Amino acid sequence: MSAILLQGAGAGAATALSPFNSIDPSKLVVPSRSSLSVRSKRYVVAGSDSKSFGSSLIVRRSEPLIPNAVSAKADTAASSTSSKPGHELLLFEALQEGLEEEMDRDPHVCVMGEDVGHYGGSYKVTKGLADKFGDLRVLDTPICENAFTGMGIGAAMTGLRPVIEGMNMGFLLLAFNQISNNCGMLHYTSGGQFTIPVVIRGPGGVGRQLGAEHSQRLESYFQSIPGIQMVACSTPYNAKGLMKAAIRSENPVILFEHVLLYNLKETIPDEEYICNLEEAEMVRPGEHITILTYSRMRYHVMQAAKTLVNKGYDPEVIDIRSLKPFDLYTIGNSVKKTHRVLIVEECMRTGGIGASLTAAINENFHDYLDAPVMCLSSQDVPTPYAGTLEEWTVVQPAQIVTAVEQLCQ
Amino acid sequence: MALSRLTSRSNIITRPFSAAFSRLLSTDTTPITIETSLPFTAHLCDPPSRSVESSSQELLDFFRTMALMRRMEIAADSLYKAKLIRGFCHLYDGQEAVAIGMEAAITKKDAIITAYRDHCIFLGRGGSLYEIFSELMGRQAGCSKGKGGSMHFYKKESSFYGGHGIVGAQVPLGCGIAFAQKYNKEEAVTFALYGDGAANQGQLFEALNISALWDLPAILVCENNHYGMGTAEWRASKSSSYYKRGDYVPGLKVDGMDAFAVKQACKFAKQHALEKGPIILEMDTYRYHGHSMSDPGSTYRTRDEISGVRQERDPIERIKKLVLSHDLATEKELKDMEKEIRKEVDDAIAKAKDCPMPEPSELFTNVYVKGYGTESFGPDRKEVKASLP
């Protein structure tokens with residue numbers, strides 16, 4: 001599955017080597033939409049959302065980093081080709097690169113988790129880091145999620161920036177108290193005295209017959225914790241960008257990775273770049289229907305999109321990336337254009353991300369909808385072991401095609 | 001100096017007073033050695049000596065601050081009954097010696113983290129009465145801007161990390177702070193306080209294991225007041241030797257009603273933690289109030305027990321006896337000090353009552369940190385504007 005790098009509204013103009021300029025607030029309100037008209041070309045986008053951070057500067061933590069909340073929406077078409085060829089790597093290597101660059105850049109970044117150090121990480125995301133940075137910065141913890149998540153949060157209160165890895169997202173349920181009460185709420189209950197710049201990451205989602213307890217999707221459980229941000233990466237490009245942005249963010253960020261996406265291959269830019277934490281990614285601009293998705297379902301949707309295009313439909317596919325808060329701007333613009341929404345997600349139907357997104361879209365864009373928002377989610381069952389059954393718990397491309405046909409009648 | 005504060009405040013200086021002042025001032029810097037009430041019981045380490053170095057100034061400071069803490073808690077009791085403080089209010093009277101003794105042994109670079117019984121520790125760390133009462137009553141000038149409440153007092157500049165409502169969750173946080181201290185090579189330690197009820201939490205042992213593995217400068221302090229809300233310790237813990245519960249981690253049992261024993265133990269623990277890794281301190285203490293204001297405190301223990309402890313082991317009485325026996329002040333002077341403290345507390349309460357409630361817009365501040373790409377966007381790419389009805 002090759003990742004198609006179409007960055008419509010999200011791509012910024014500057015390459016990483018350009019001098020950094022401050023955000024002009026007048027540019028923030030109305031984006032340039034001309035980029036959406038060039039639909040079918042493929043772009044390799046270099047240094048898309050970032051301004052340069054000064055390549056070799058050791059940035060002191062106390063300096064305010066450039067708030068990259070809204071990249072200047074300049075025209076992307078001509079200026080997005082990279083000056084350097086870029087390099088090809090797998091998603092887990094992209095995560096590792098992002099992590100390594102951030103650890104190089106800021107000595108306060110450390111990694112803690114089970115088997116992240118000497119073993120190299122159960123999915124090799126932290127491979128080689130222990131040799132490079134030592135045992136105090138890449139910490140092998142015993143198997144006590146509650147305690148080491150709490151320790152990461154306590155360390156973050158003093159100013160360290162731990163990256164806490166759950167070997168599988170499902171194990172983080174044991175640390176739910178720490179994540180909800182301490183991670184999310186300490187900034188508020190202390191009246192702003194403490195910030196908790198942790199990144200909590202780990203692979204989740206339905207894998208290949210891993211069983212019910214190892215196939216959990218925790219985004220639905222964490223979504224109502226106030227004070228945290230959630231992002232889901234889906235390509236090597238956004239994996240590295242989101243990892244870097246999450247580490248630099250002063251807020252606690254939960255980065256959801258997917259077990260089956262770790263071996264995706266893509267060419268990413270050589271220059272340093274980050275991705276905006278709250279922005280959705282336009283995967284494929286279209287006219288007939290907006291399909292909102294994230295993580296692995298993006299690929300099921302793109303597969304369905306091929307079939308749909310052959311059948312004459314023109315779906316607009318948006319990878320929402322930011323699960324909390326939703327990028328209602330990009331989504332809203334899309335809804336205003338297509339008037340139909342289909343959400344495809346891997347969460348359970350009950351209380352999942354799709355449920356919240358449906359509510360948000362209905363509340364904000366009700367007037368623009370020609371049909372009710374449809375949400376395709378996983379079945380509300382524990383994930384079975386048998387291969388055929390497991391296939392049917394998650395949404396398959398055929399179901400997406402049927403749903404689009406139904407909505408577009 | 002406590003005495004100079006007395007001179008500046010009192011408008012009437014009577015002759016006995018001035019005679020007393022000259023007597024007191026001359027003994028200010030004299031070191032005094034005090035013997036702790038009980039010997040220390042040690043587990044896997046050598047207990048420190050029973051003789052504690054102190055000075056007359058420290059003795060008077062102890063008395064003054066403990067009396068202030070006691071008065072503050074009692075005032076909080078009446079404010080709660082007057083419905084100015086709502087929700088949960090956990091009072092620390094009876095346990096003041098732990099807060100005072102700990103402060104005397106450490107610096108402001110050493111971190112303290114505790115559970116919800118945090119008013120007096122916050123005061124010891126440098127908090128002001130005005131901040132405390134404002135926060136308890138939910139006003140703007142509170143230390144957490146009125147958004148935390150009784151269980152969420154924090155003071156970053158003095159390395160006081162709170163103030164936590166969930167029992168036991170502060171111990172991993174405390175070990176994380178100790179980790180950061182080791183990471184940053186700060187030569188400071190962290191005291192993570194918890195109660196006898198919290199001593200049965202699994203995350204405590206998880207955090208202790210990691211602290212011992214990684215040699216973190218963490219000191220786990222069990223404030224054993226013998227009751228976990230309504231459950232006596234013998235009904236909740238199979239082993240009530242909390243200082244031994246660390247197994248491979250050394251421990252020390254301390255009489256928590258004797259401020260000097262606490263001071264000696266904390267000094268010892270700090271040195272141990274910096275050199276050899278974590279240590280557990282068990283402070284044998286007692287609370288006069290119930291678990292919180294909604295608990296009368298007498299359904300699970302007899303009033304005789306409470307008054308017995310108050311008569312025999314009260315920390316302030318002990319310091320008072322020491323002050324009087326070392327001739328540092330007369331009864332009358334101490335009474336005047338207490339009157340003055342009462343006035344100070346009343347003034348702070350009056351000032352806090354005048355403080356306004358937080359602005360409605362404060363509901364939405366401090367949820368996220370602004371800055372690096374973190375403004376929440378609404379449909380029109382502006383900040384989410386939420387207006388109250």
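Modeller: Two strands pair if DSSP finds at least two bridges between them; strands are E runs of at least two residues and helices H or I runs of at least four, numbered from the N terminus. This is a predicted model: local features need pLDDT of at least 70, side-chain atom pairs count only at pLDDT 80 or more, and totals for chains, interfaces and linings use all residues. Residues are numbered from 1 along each chain as its sequence is written, chains are lettered from A and ligands numbered from 1 in the order written, and side-chain values use heavy atoms, leaving out hydrogens and water.

Biologist: Which strands of chain A stand at the edges of the sheet?

Modeller: The open sheet is mixed in pairing and has seven strands, ordered β3-β2-β4-β5-β7-β6-β12 in chain A. Two of these have a single partner strand each, so one side of each lacks a neighbour in the sheet: β3 (138-140) and β12 (322-324) of chain A.

Biologist: Is H289(B) buried or exposed?

Modeller: H289(B) lies in the loop between β10 (279-284) and α11 (303-313) of chain B. Buried means under 20% relative accessible area, exposed over 50%, partly exposed in between (1.4 Å probe, protein chains only). H289(B) has 17%, so it is buried.

Biologist: Which residues does H289(B) touch?

Modeller: Contact means heavy atoms within 4.5 Å. Residues up to four places away in sequence are not counted, which leaves H289(B) touching D77(B), L91(B), D93(B) and R301(B).
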